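Hello,

Here is the structure I promised to pass on to you. Have a look at it first, and my notes follow below.

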Amino acid sequence: MKKRLVVGVSGASGAPLAVELLRALQANPEVETHLILTRGGEMTLRQEMGLTAADISALADFTHDNANIGAAPASGSWKSLGMVVCPCSMKTVAGIVSGYSDNLLLRAADCMLKERRKLVLVARESRSEEHTSELQSLRHLVCRLLLEK
């Protein structure tokens, strides 16, 4: 049985990273990818690479509608290896840090934290003091959860 991995693509610059990640995972017969693409992620793919949502969806085994907050990746009973958000915008980081789960990508990330599953964020645009603070908050949250285990 294949192991599920959620791949979120948000609106930060770095669309080629997401495409290459999905291509690499596509070559691994043991991994089943579940793509969640935000509206910002879709816009960035189009601007940086000329790709559509259908183009990137073709690289994943399954694609989930970001507006469907009740989809499987938002449930703790749905087992997965974890989640990678690549690229991860600072807006997405802020949503994860604050628990503001108003879409599937954020709810799935929140679920990964709650279930103590791996959550990898490929954060972009993280040079400002405010952004560093957000990332530090997330780091402490993750560390706290790992220590509670």
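Let me start with glutamate 115, which is partly exposed at 29% relative accessibility. Please keep in mind that this is a predicted model. Glutamate 115 forms a salt bridge with lysine 114, their closest N and O atoms being 2.7 Å apart. Lysine 114 is exposed, with a relative accessible area of 52%.

Arginine 117 sits in the loop between helix H5 (104-114) and strand S5 (118-123). Arginine 117 is buried but has no salt bridge: glutamate 115, the nearest side chain of opposite charge, is 4.2 Å away. The side chain of arginine 117 does reach the backbone oxygen of tryptophan 78, at 3.2 Å. Beyond its sequence neighbours within four places, the contacts of arginine 117 include Ser75, Gly76, Lys79 and Cys111.

The count of salt bridges comes to three. One of them joins arginine 4 and glutamate 32 at 3.8 Å, N to O. Arginine 4 lies in strand S1 and glutamate 32 in strand S2, so the pair ties together parts 28 residues apart in sequence. Glutamate 32 is buried, at 18%, while arginine 4 is partly exposed, at 24%. Glutamate 20 and arginine 23 also meet in a salt bridge, at 3.0 Å; both lie in helix H1, about one turn apart.

Finally, the largest pocket holds about 310 Å³ of space. Of its 16 lining residues, those closest to the centre are Thr38, Gly40, Lys91, Thr92 and Asn103.

Best wishes

How values were computed. Residues numbered from 1 in each chain as written. Predicted model: local features only at pLDDT ≥ 70, side-chain atom pairs only at ≥ 80, totals over all residues. Heavy atoms only, no water. Helix = DSSP H or I, 4+ residues; strand = E, 2+ residues; numbered from the N terminus. Buried < 20%, exposed > 50% of the residue type's maximum accessible area, 1.4 Å probe, protein only. Lys, Arg positive; Asp, Glu negative; His and termini not counted. Salt bridge = Lys/Arg side-chain N within 4 Å of Asp/Glu carboxyl O. Polar contact = N/O pair within 3.5 Å; in protein donor to acceptor, adjacent residues only side chain to side chain. Contact = heavy atoms within 4.5 Å. 1 Å grid on protein atoms, 1.4 Å probe; cavity = no way out; pocket = protein on both sides within 12 Å on 5 of 7 lines; lining within 4 Å. Points joined across faces, edges and corners; volume = space filled by probe spheres on them.
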